[in-house]
Amino acid sequence: MACGGVRRTGLAMSAWLPVLVHTPAYASLGSVLTYRHREVLPAGTLVRVPLGARETLGVVWDAAADEEASGEIDPSKVRDICEVLDTVLPLAQAWQQLVRFAARYYQRSAGEVALAALPPQLRELSSLQLQRKAARLQKALGLQTPTAKGSRTRKVVAEEASTDTAQSPTHAQARAQASSKALSAEQTEVLAQIETHSGPFLLFGATGSGKTEVYLQAVEQLLAREPQAQALVMVPEINLTPQLEARFVERFAPQWGPQSVVSLHSGMTPAQRLSAWLAAHQGGARIVLGTRMAVFASMPGLRLIVVDEEHDPSYKSGEGARYSARDLAVYRGRLEGAKVVLGSATPSLESWFHSRPASEGGRYLRLHMPSRIGAAGRSLPLVRRVDMTHQPRNAVVSPPLLEAIKERIAGGEQCLVFLNRRGYAPVLHCSDCGWKSACGHCSAFRVFHKNDRTLRCHHCGHSDRVPRTCPGCGNPDILTLGRGTEQIEELLATLLADVRRPGTPTAEQPDGEPVRMGRIDADTTRLKGSLQSQLAAVHAGDVDVLVGTQMIAKGHDFRRITLVAAVNPDSALFSSDFRAPERLFSLLLQAAGRAGRDAALGAHSEVWVQTFQPAHPVYAALKNYDYPSFAHSQLQEREQAGMPPFSYQALVRADARSQEAAQAFLNTARKRATSEMVQWPGWAEVLEQVMLYPAVPMAMQRVANVERAQMLVESASRNALQSFLVAWQEVLHASRSDPACKGLIRWAIDVDPLAI
Ligand code: ADP
Ligand code: ZN
Ligand code: ZN
């Protein structure tokens, strides 16, 4: 619309306002630009402003700029705000501060962080459309309306519903109490600690120890106590939200209404996301459940943040601002005076370290729930290590494991066979000429998928038909190397072909029914809803042996699974990533948590680990479910090697047409740091504390014809690293134009990287 052209020059009283927008990276603008409006708007107000030729969403970022003071700005260049989205309450100061912090810490612009944190549909709807939407929402919310308080006294969206239906806290408490379970002694103790201390807390609880119940009751107590309070509960994966949502809705909807619980994750439609966001922003939603993006939800009454499975790598964003939602949650909690509970059966070593005794410098309070609920029948499954050096050569499923699986089937129980690799075989090769199924665009092999007879690269997505003969020499006998879930499923189906499930023989099946196989991985769950239906089939008992990747290791509550087997976990130990053992341990322990969740079957549940290194510390610790001693030894190693949490790291990654250009860019920026920055007054001291390593190719050096390199930056001081990175940005920008860097495509900084 003609917005940008209309100048209100006729108005004597007009205000200049700093507005945060997402400026394109190439335009050397900051993200706070000055706009004109006929009146002053409170900080946090959402506005639509012209930016170049388009119109964009912005946030009034500070109090009005002083027209006189902004002497550098040419008044004729200041453009008008197009529209004020005044049907939406301004964003709170604290929200702005969270964005500011995240942008600075993760080295991105505040505009990018803020706009990525707001629901995309806000960019499209007019103030009027928003008002209608908000009114509908308000109506749906019915009894629970936000009361404007403090600085948030601007127009509350739409008509406020009457408050006469609101219930008194005592009534609320009684209802809440009635709906919840009698707590175990450990749960009671933990809740009391959360009640009395300020946190942050690390809830270290075995799988099935009742952590979720603790979250539920902590939320329940909060809502009953404070009429405006809101709680944010985060889970690592979208797949886990429906299950959690069901549990929260069941608990809270009877009292607070079905709208009191909303979800926020990337699987929602733009309209759903906007509704949920508005409900949280206006305070009507008391509980927000979500994935990492929910850490930025605007919640004026935020009093409690739960980060479930806090160790999970999905909390770290892999694009844009590479933030850790877990770490931001801790920051946000402190900022807004909300209690933060991090929960896990296998905490990240960082959180474990932070929760050492306060006398040793710990900052988190560690709470322990070692026992599974219903202790007697539900001890943790027995861990069996199968020493593969003593098994027949080339055995994929060792004979003892196969026997154990058969026994479970005979007993009408279910088995879960876990392999973290999808497809049929990771590589095809020809033994005559040495050809391998390399991807032409990546430094990776194309994976053989037998189902649709394709060779697929899991990095660039490139897919071809499987060749009939070797592309190198015409040999018709192409072989597979290694195994994926498809092959394990096929193999088990063959090995179990003669086994019959218990049950009455029928005319068609006089000996009983054959074993029912199932497989769940990224390939079988591409279609929306397919994961849910496959999980439902497992729950319904329609599958005897389920093969799958880490997708099935997490969270899902399978009742009748009494045997979990990891067929080839060793592969993770060969990784060069120093976090690999930690990850493997948590993955196996989580997978183990899938077994024996049914009290009656729990007693004889088992976890089988096939390994060539049965004495490896990861498996030894797993055998005893001894996370603390595993963590202790890992932390000792980290300390000796000066690795996190004993040092702070950032990675700079560069993508380029050639590996030389990618490395040249990084090395140029490095050289300038040591030759130029060191001369800046006061900087020699900072640089002394920061170590810049030479550029190296990334482990996956080439993806989709793009060469990738990285440089590690390390410091024992977080402050030194932060100050350095902020200042170094400028140097990095400047290094782009160095002739040696021709062909550089992009670069990005990853602060506190998870994989190196
Ligand atoms: P976690 O999150 O630690 O894995 P959950 O909270 O899911 O554990 O609890 C495991 C199971 O025990 C769930 O089925 C839950 O309903 C049940 N449970 C939890 N706390 C109690 C309790 N106090 N009394 C009875 N059952 C409980
Ligand atoms: Zn060949
Ligand atoms: Zn590829």
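Predicted model: local features only at pLDDT ≥ 70, side-chain atom pairs only at ≥ 80, totals over all residues.

**Entry 1: a loop with a cis bond.** With that numbering in hand, I looked up Pro 200, and it sits in the loop between helix 5 (185–196) and strand 7 (201–205). The peptide bond that joins Gly 199 to Pro 200 is cis, with omega at about -5 degrees.

**Entry 2: another cis bond.** Which residues does the other one join? I found Pro 644 and Pro 645 linked by a cis peptide bond, omega about 5 degrees. Pro 645 belongs to the loop between helix 17 (627–641) and strand 25 (648–656).

**Entry 3: around the ligand.** I counted 17 residues around ligand 1, and the ones that come nearest are Ala 182, Gln 187, Gly 208, Lys 211 and Thr 212. Sorted by class, I get 4 nonpolar, 7 polar and 6 charged residues in the shell. Which helix gives the most to this shell? My notes say helix 6 (residues 211–225), with 3 residues.

Gln 187 puts a polar side-chain atom 2.8 Å from a nitrogen atom of ligand 1. Gly 208 uses its backbone instead: an N or O atom there lies 2.8 Å from an oxygen atom of ligand 1. Glu 213 also has a polar backbone atom 3.2 Å from an oxygen atom of ligand 1. How much of ligand 1 does the protein bury? I wrote down 80% of the 550 Å² that ligand 1 exposes when taken alone.

**Entry 4: helix 6 again.** I followed helix 6 over to helix 7 (residues 241–256): their axes come within 11 Å and cross at roughly 25 degrees. Angles under 35 degrees count as roughly parallel, so helix 6 is roughly parallel to helix 7. The crossing of helix 6 past helix 7 is right-handed.

**Entry 5: helices 1 and 2.** Helix 1 (residues 93–105) and helix 2 (residues 110–117) have axes that come within 8 Å and cross at roughly 125 degrees. That angle makes helix 1 oblique to helix 2. I noted a right-handed crossing here, helix 1 passing helix 2.

I then checked the loop between helix 1 and helix 2, where Gln 107 has its place. Gln 107 is not a glycine, yet I read a positive phi of about 60 degrees for it.

Conventions: Residues numbered from 1 in each chain as written. Chains lettered and ligands numbered in written order. Heavy atoms only, no water. Near = heavy atom within 4 Å. Polar contact = N/O pair within 3.5 Å; in protein donor to acceptor, adjacent residues only side chain to side chain. Areas by Shrake-Rupley, 256 points an atom, 1.4 Å probe, with all protein chains shown as cover. Helix = DSSP H or I, 4+ residues; strand = E, 2+ residues; numbered from the N terminus. Nonpolar A, V, L, I, M, F, W, Y, C, P; charged D, E, K, R; others polar. Axes fitted to C-alpha atoms, helices over the stretch in contact; angles between N-to-C directions. Parallel < 35°, antiparallel > 145°, perpendicular 65-115°, else oblique. Left-handed = near helix turned anticlockwise from the far one by under 90°.
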